Each structure stands twice: as structure tokens, then as C-alpha cells.
Amino acid sequence: MIVIMQHGAAEPVIDHVIERIVQLGLTPHVSRGQFRTIIGAIGDKQPVHQQILEALEGVERVVPIMKPYKLASREFHDENSTVNVGGVPVGGKDLVIMAGPCAVESKEMLARIAAFCKAGGAAILRGGAFKPRTSPYDFQGLGVEGLEYLRSVGDDLKMPIVSEVMAANEVELVGRYVDMFQIGARNAQNFQLLKEVGDTGKPVLLKRGLAMTIREYLMSAEYVLARGNRNLVLCERGIKTFETEVRFTFDVSCIPVIKNYCHLPIIVDPSHAAGKREYVSALARAGIAAGADGIIVECHDRPEEALCDGPQALLPEMFFELVGQLKKIGEVFGRGMAEPKT
Ligand code: PEP
Ligand code: MN
């Protein structure tokens, strides 16, 4: 349930309510809105709790949260959330471009690609060091070496970095390098991993699972939020359908639906949905037009040499053109574009 405090309730009054929530064996989650404070009291089973809390000083009313994803829902937090990724706000007024290669293959290659991505308008650098591959015989990523290259190239170019963590026992290691953890589609229901990144408090990019409903997806988001980590960004990257012309089916409809129910930022990954570079830009444009807060896109200047996902990588010129188009689409909604740091 949520405890809605009276307008202007003083801090000691709010603290007292939080104390009582803890005493009742519930977990408090505080959401400070522009006008009033709302306190989520998670774990309640008894209606009697509602009456106890309602009687406290400073409480306006206590209402149950109807959605199963309590902290992700707009019932708990009405305003859009913004997540700060190494100084770049995601989910605010400005659209954010995250770009880079699918996998980090060498330092030189990463530096080259990152440079053109930044020049084209990417504020955040992506790149996989630990790669989830369908075949165990395919390139699995450079691991820690890849993370070191990412950190170094990211620092040189003043680009925060996002990279995938695949296992709960590698969260500490990956967390030493990245500004944002990526949870891949194949791990979107790895609950232990979600709890572990939730405990770090560091920004998390949670991809939608390959065959996940929106409700299941938001329940996965809830795992991270329930550990007290509000720095969560969602990402639609295509789901499995019977269609075979594209790698996955880009579910553009999930963007307005998720925006309706949930306060978290959501970006789109047109690369893994399309699977082919000629379709990537159209999906990215559709995602931004549908209300997404940004994109994460794979780019490469020599895709024929790529060890992973070369066919879907945007060439530099395509990337530059796309960013220009996204800027114009953003303007329709009064949104700007997060500028790369200088
Ligand atoms: C990726 O971003 O390179 C990736 C593997 O994405 P997904 O988990 O969405 O397939
Ligand atoms: Mn990829």
C-alpha cells in the first residue's frame, strides 16, 4: 500500500511514519514528489495495517497499490524518473543516444568506433565484454580485458560506459569498470542477478526478455527497485514472434503502455530487433516517435570484420543521418538531445 503524506508534512513527521512502517514488519520506500511525499509500505498482508498508518500524524490517506509491480508503477511514483548515468541524465527532457560496437574486440577498434559515435552525437558508449552467445563455439567476449578498454576509451572521450553483466558472481567485478550495468534479454528473469545489481545502487539497463509480457518485464524491474536501486532504465529490444524476416519483432506498442503504467525511463534497441542494418534506423525512429527516451544502437566502421552482430551494425554515415532524424522527431515533442560531454 502507499501512504500519502499531507502537503508540506515535516521531516520528523515523515520519519515517524517510516519508523512505524518498519515496526509493522513492512519495507518503506520513500518517493518525494514535487508536492508531497509518498511512502510505499511493501509486504503488507493485513488490512489492519492500513488503519494503523492512517491514524498517524501527517498522513492524508493510505491506499492499496493495485499493480503487482508496486515500486515500478505510477501509483507509487507519478512523475517520470530520471537516471543519472555518469553525468548523463536518462529519462529527462533530452533524448539520449548510447552507441558502440556489439562486442569489444580490440582497443584500436573500440577507440575508432567510439570516436565516430561521439562525433555523431552519442553521449554514452556501449560495448560487450562478456557476451551471451547462442553457440558456445562463438566469440565469448574479451572479458576483463574488454572492460579495461571500455573504461579507458570511455574516459578518454568523456563517455560513460554501459556493458553487460551475465552472472550474479561477476557483478562486483563488472561494477568496478562500468557506469551502467546492462542486463541482457536472456537474463531478464535471472532473479539472483537482478537482486545483485539492485544491491549496488548503480544504474542498470534492463533489456526486455525475448518472450516476456509487459507485466513480466515490469516484475523483473521490480526486483531491482525492491533492493532500493531506483537507477533503472528499461529497454525494448524486440520479442519472439512467428515472423522470420527480422531477427525479433520490435514491439513499439510496449512503449506507450509502459509509459502509462510505469515511471521509469525506457529506451529502444533497434539493432537486435532488426538484425539487419537496413532496418535499424526505421525502428529507432519509430521508438522515439512512440515516446522512448533514447536509443542504444550498434555501430561499426568495418562490420565485415566484426566478431559479433556485424550485419546489424550501422555504418558511420547511417548513424550520423539517423541521429539527425531523431533530433527532428524529438523537436516535435519539445525534446532536445543530450550532448556528448566535452
Ligand atoms: C547486446 O546488447 O549486445 C545484447 C546481447 O543484447 P540482448 O541481450 O538484447 O540480446
Ligand atoms: Mn549485439
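**Reading a predicted fold, one feature at a time**

Tutor: Let's start with one spot in the sheet: proline 28 stands opposite alanine 41 in β3. Before we go on, this is a predicted model, where local features need pLDDT of at least 70 and side-chain atom pairs pLDDT 80 or more, while totals for chains, interfaces and linings use all residues. Residues are numbered from 1 along each chain as its sequence is written, chains are lettered from A and ligands numbered from 1 in the order written, and side-chain values use heavy atoms, with hydrogens and water left out.

Student: In what order do the four strands of the open sheet come?

Tutor: In general, strands of a sheet pair through backbone hydrogen bonds, either parallel or antiparallel. Strands here are DSSP runs of E, at least two residues, and helices are runs of H or I, at least four, numbered from the N terminus; two strands pair if DSSP finds at least two bridges between them. In this open sheet the order is β2-β3-β1-β4, with antiparallel pairing. The edges are β2 (27-32) and β4 (59-63), each with a single partner strand, so one side of each has no neighbour in the sheet. On average, neighbouring strands are turned by 20° against each other, direction ignored. Between β2 and β3 (residues 37-42) there are six bridges.

Student: Which strands does helix α1 lie across?

Tutor: For angles, axes are lines fitted to C-alpha atoms, for helices over the stretch in contact (heavy atoms within 4.5 Å), and angles run from 0 to 180 degrees between N-to-C directions. Helix α1 (residues 11-23) lies across β1 (2-5), β2, β3 and β4, at about 150° to β2. Helix α2 (residues 47-54) lies across β1 and β4, at about 170° to β4.

Student: What are the protein donors of the manganese ion?

Tutor: Donors are N, O and S atoms within 2.8 Å of the metal (3.2 Å for Na, K and Ca); water is not among the atoms, so sites may look incomplete. For the manganese ion (ligand 2) they are Cys102 (SG), His272 (NE2), Glu298 (OE) and Asp309 (OD), 2.0 to 2.4 Å from it. Cysteine 102 sits in the loop between β7 (96-100) and α3 (107-120) and glutamate 298 in strand β14 (residues 294-298), so this pair ties together parts 196 residues apart in sequence. Cysteine 102 and glutamate 298 are both buried, meaning under 20% relative accessible area, with exposed over 50% and partly exposed in between (1.4 Å probe, protein chains only).

Student: How many aromatic pairs are there?

Tutor: Rings of Phe, Tyr and Trp (its six-membered ring) pair if their centres lie within 6.5 Å; planes under 30 degrees apart are stacked, over 60 edge-to-face, the rest tilted. The count is four. One of them, phenylalanine 116 with phenylalanine 320, is edge-to-face, at 6.3 Å centre to centre and 85° between the planes. Phenylalanine 116 is in helix α3 and phenylalanine 320 in helix α11 (residues 316-332), so the pair links parts 204 residues apart in sequence. Phenylalanine 116 counts as buried at 10% relative accessibility, and phenylalanine 320 as partly exposed at 30%. In phenylalanine 191 and tyrosine 223, the ring centres are 4.4 Å apart and the planes at 20°, so that pair is stacked. Phe116, Phe319 and Phe320 form one aromatic cluster.

Student: Which residues of helix α10 are buried?

Tutor: An α-helix has 3.6 residues a turn, so residues three or four places apart point the same way. In α10 (residues 277-289) the buried residues are Arg277, Val280, Ser281, Leu283, Ala284, Gly287 and Ile288. They pack against α8 (254-261), β13 (266-268), α9 (270-274), β14 and α11. After α10 comes glycine 291, with a positive phi near 115°.
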